[in-house]
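The following note sets out numbered points on the structure shown below. Please read each point alongside the model.

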Amino acid sequence: SCPNCQNLFFLKGYVLSQQKDYRQAISFFISAIKNGENSANAFSELAMAYFLLKDYKKARIYFNFAHKICSGQSDFAIRQSYYEALSLKELKQYKKALAVLNKISAAYKSEYFTDILSLQSICCYHLGKTKEALVYINASIGTNPALSQSYKTKAAILKHMNQIKESQDCEE
């Protein structure tokens, strides 16, 4: 459902986005923002339209705006961070993407947990951190809903990853 249907520019952008007319949607989301719709949802929808057009630089900027507006670790904030990191990965900025992902403290509570883990593994791999990449890959496989969706498993994986991170911090 439409997050803010009071602003007609936003509503039109949202409808156009649903119809996959992302270029038109972008101009209406920008109009909505110019007309005072400075919500995280407006920036998020704008960012997603850019992302779907594969304009990852602009997508990253607007996901970052949305993320700054909605502080905390809500699912919405986690989604913003995930897509911001995904945009950075597409720009081959693996270190920055990893930094964004590593700041998500309650990731294991999110529906994006498995996606975050696999994105972390890809970034680590591209940065030549194969040990870390394997940890994230194994964790991602372990969180696959087909294999296990229990909270205990997620918490155990997170604890395991934190222990490995702490031991790596000691080595460096």
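1. Both Tyr83 and Tyr112 are buried, where buried means under 20% relative accessible area, exposed over 50% and partly exposed in between, with a 1.4 Å probe and protein chains only. The model is a predicted one, in which local features need pLDDT of at least 70 and side-chain atom pairs count only at pLDDT 80 or more, while totals for chains, interfaces and linings use all residues. Residues are numbered from 1 along each chain as its sequence is written, and side-chain values use heavy atoms, with hydrogens and water left out.

2. The chain contains 9 helices and 0 strands, giving the pattern α-α-α-α-α-α-α-α-α along the sequence. Helices (H or I, at least four residues) and strands (E, at least two) are DSSP runs, numbered from the N terminus.

3. Of the 172 residues in the chain, 45% count as buried. The accessible surface comes to about 9,700 Å², and 53% of this belongs to carbon and sulfur atoms; the areas come from the Shrake-Rupley method with a 1.4 Å probe, and for residues only the protein chains shown count as cover.

4. Among contacts (heavy atoms within 4.5 Å) with a separation of 6 or more, 48% are between residues 24 or more positions apart.

5. A search of the whole structure finds 13 aromatic pairs. Rings of Phe, Tyr and Trp (its six-membered ring) pair if their centres lie within 6.5 Å; planes under 30 degrees apart count as stacked, over 60 as edge-to-face and the rest as tilted. One of the pairs is Phe10 with Phe29, which is tilted, at 5.4 Å centre to centre and 55° between the planes. Phe10 belongs to helix α1 (residues 8-18) and Phe29 to helix α2 (residues 22-34), 19 residues apart. Phe10 is buried, with a relative accessible area of 0%, and Phe29 is buried, with a relative accessible area of 0%.

6. Tyr83 and Tyr112 form an edge-to-face pair, 6.2 Å centre to centre with 75° between the planes. Tyr83 lies in helix α5 (residues 75-90) and Tyr112 in the loop between α6 (94-102) and α7 (113-126), so the pair ties together parts 29 residues apart in sequence. Ring pairs also link these two tyrosines with Phe51, Tyr56, Phe63 and Tyr82 into a cluster.

7. Helix α7 has 14 residues and should span 20 Å at 1.5 Å a residue, which agrees with its end C-alpha atoms being 20 Å apart; the expected span is 1.5 Å times one less than the number of residues. Buried residues in α7 include Phe113, Ile116, Leu117, Cys123 and Cys124. Just after α7, Gly128 takes a positive phi of about 80°.
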